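Hi,

Here is the structure I promised to pass on.

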Amino acid sequence: MPLSSRIPDFYNKTIEERRKIITDILSLSEHDISILQGKESAEEIFEIMIENVVGMVCLPLGIATNFIVNGKDYLVPMVVEESSVVAAASHAAKIARKKGGFNAEYSGSFTIGQLQVCDVKDIELSKQRLIAYKSELLDIANSTNEILIKLGGGAKDIELKTIKGNLDSYLLIHLIVDVKDAMGANAVNTMLEALKLKVEELTEGRVLLRIISNHATKRTVKVTAVFSKESLGGEEVVNNILYAYDLADNDIYRCTTHNKGIMNGIVAVLHATGNDTRAIEAGAHSYAAKDGIYKSLSKYEKNAEGDLIGSMEIPLSLGILGGAINVHPTYKLALKILGVSSSEEFANVVAAVGLAQNLAALRALVSEGIQKGHMTLHARNIAVTAGAEGKEIESVAKKLIEGGTVTYDKAKQILENERTDRG
Ligand code: MEV
């Protein structure tokens with residue numbers, strides 16, 4: 001039976017019960033479970049990943065439910081320190097699934113590598129030479145990666161630009177590489193290194209920078225979803241979401257926060273799966289400003305029925321293999337839980353999570369406000385800080401919320417009263 005990501009009451013279960021549910025759905029092994037429990041995160045792994053290791057930080061891995069993307073159900077692993085993110089994504093996905101879920105379209109895994117050539121005497125003449133030698137340059141780049149070529153990827157094109165800097169005018173070479181299912185930084189940077197000598201010979205210049213660009217304009221996803229008026233809370237909520245979007249699209253102070261909300265979801269999936277969150281964040285924000293003004297990554301409009309249509313176009317250079325994914329068992333397991341088999345499928349789901357996260361934030365902001373959702377988990381944190389344990393955490397948090405004052409002192413007092421009452 002195909003997987004369903006609709007798991008009613010998932011949030012009310014214990015951690016053990018949730019693990020059992022996803023184990024049954026995904027046929028996880030004993031080994032997978034011990035990875036989820038953090039038992040396989042040995043220091044030797046961290047020693048391979050970065051330098052000067054002295055310890056580790058453990059963060060919660062949650063599962064967002066309800067996602068349908070291009071007709072397929074997904075359970076989405078998310079690692080994030082902020083409360084409400086996983087619940088909000090699941091809630092928006094539940095609204096979207098009533099109208100068929102998210103539709104996403106991928107541009108292809110084309111990644112841009114940059115070669116900066118300095119001290120070029122005649123940039124136009126050098127460009128002509130580079131164009132004449134284009135196929136030889138592509139061959140040099142492709143000679144560095146047999147596997148990628150076998151998979152149908154590799155360097156496909158070269159684009160040339162002149163950049164007027166303050167110190168010099170530069171000949172800039174963009175190498176366009178289809179990196180297939182990798183994030184691509186290693187593959188592209190290796191190709192750029194291999195091109196250095198030939199480019200210096202052809203331009204009689206000096207190659208300085210040889211590095212991938214995170215402004216990933218050729219590796220984007222377009223995602224859309226319909227959110228029904230009824231599920232959102234009625235016509236007024238839909239209209240107010242449009243006002244909220246309008247503000248984001250016209251005021252950079254609001255827009256930065258709006259786009260941050262999108263990245264809440266995206267970065268959480270990237271953390272779970274060992275992807276480069278900084279590359280994706282940088283790429284998303286530069287894409288938001290690609291027309292010279294920083295704009296909302298998402299768009300909202302109403303259809304004839306008064307339902308809300310959300311859409312978004314975002315660059316997503318994501319890998320399902322290579323880099324840290326090969327080293328850390330939790331990253332591999334997170335990808336197994338997600339059940340994606342290509343970076344295309346992965347990017348489509350990640351874009352859907354970003355749109356869901358944004359819609360959830362806007363719906364909350366124009367309705368009950370964002371604090372209410374945050375408060376429940378905040379109250380639990382305060383209860384724990386005040387010393388609550390086990391079942392006490394829920395009951396102290398509940399009383400804090402009901403009393404309307406969520407402070408450490410109040411939590412301490414409630415806890416003492418409860419313990420005295422119990423004797
Ligand atoms: C909080 O992490 C994210 C929000 O601020 C996003 C938004 O304001 O749209 C709620």
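This is a predicted model: local features need pLDDT of at least 70, side-chain atom pairs count only at pLDDT 80 or more; totals for chains, interfaces and linings use all residues.

**What turned up**

Strand 6 is largely enclosed by the rest of the structure, because nine of its 10 residues are buried (under 20% relative accessible area with a 1.4 Å probe, protein chains only; over 50% is exposed, and in between is partly exposed).

Residues are numbered from 1 along each chain as its sequence is written, and side-chain values use heavy atoms, leaving out hydrogens and water.

Four strands form an open sheet in the order 5-6-4-7, with antiparallel pairing (two strands pair if DSSP finds at least two bridges between them). Strand 5 (154-164) and strand 7 (206-212) are the edge strands, each pairing on one side only. On average, neighbouring strands of this sheet are turned by 20° against each other, direction ignored; axes are lines fitted to C-alpha atoms, for helices over the stretch in contact, and angles run from 0 to 180 degrees between N-to-C directions.

On one side, strand 6 (residues 169-178) is joined to the antiparallel strand 4 (residues 110-118) by eight bridges. There, Gln-116 stands opposite Leu-172, and Gln-114 has His-174 as its bridge partner. Strand 5 and strand 6 also run antiparallel, joined by 10 bridges, with Ile-158 opposite Leu-175 of strand 6. A hairpin of four residues links strand 5 to strand 6.

What lies against these strands? Helix 6 (residues 134-142) lies across strand 5 and strand 6, at about 115° to strand 5. Helix 8 (residues 185-203) packs on the sheet and touches strand 4, strand 5, strand 6 and strand 7, where contact means heavy atoms within 4.5 Å. The direction of helix 8 makes about 165° with that of strand 7.

One helix pair is worth a look too. Helix 10 (residues 235-250) and helix 14 (residues 343-366) pack at about 110°, their axes 9 Å apart. That makes helix 10 roughly perpendicular to helix 14 (65 to 115 degrees; under 35 is roughly parallel, over 145 roughly antiparallel and the rest oblique). Val-237, Asn-240, Ile-241 and Ala-244 of helix 10 meet Leu-359, Leu-362, Arg-363 and Val-366 of helix 14.

Best wishes

Methods. Helices (H or I, at least four residues) and strands (E, at least two) are DSSP runs, numbered from the N terminus.
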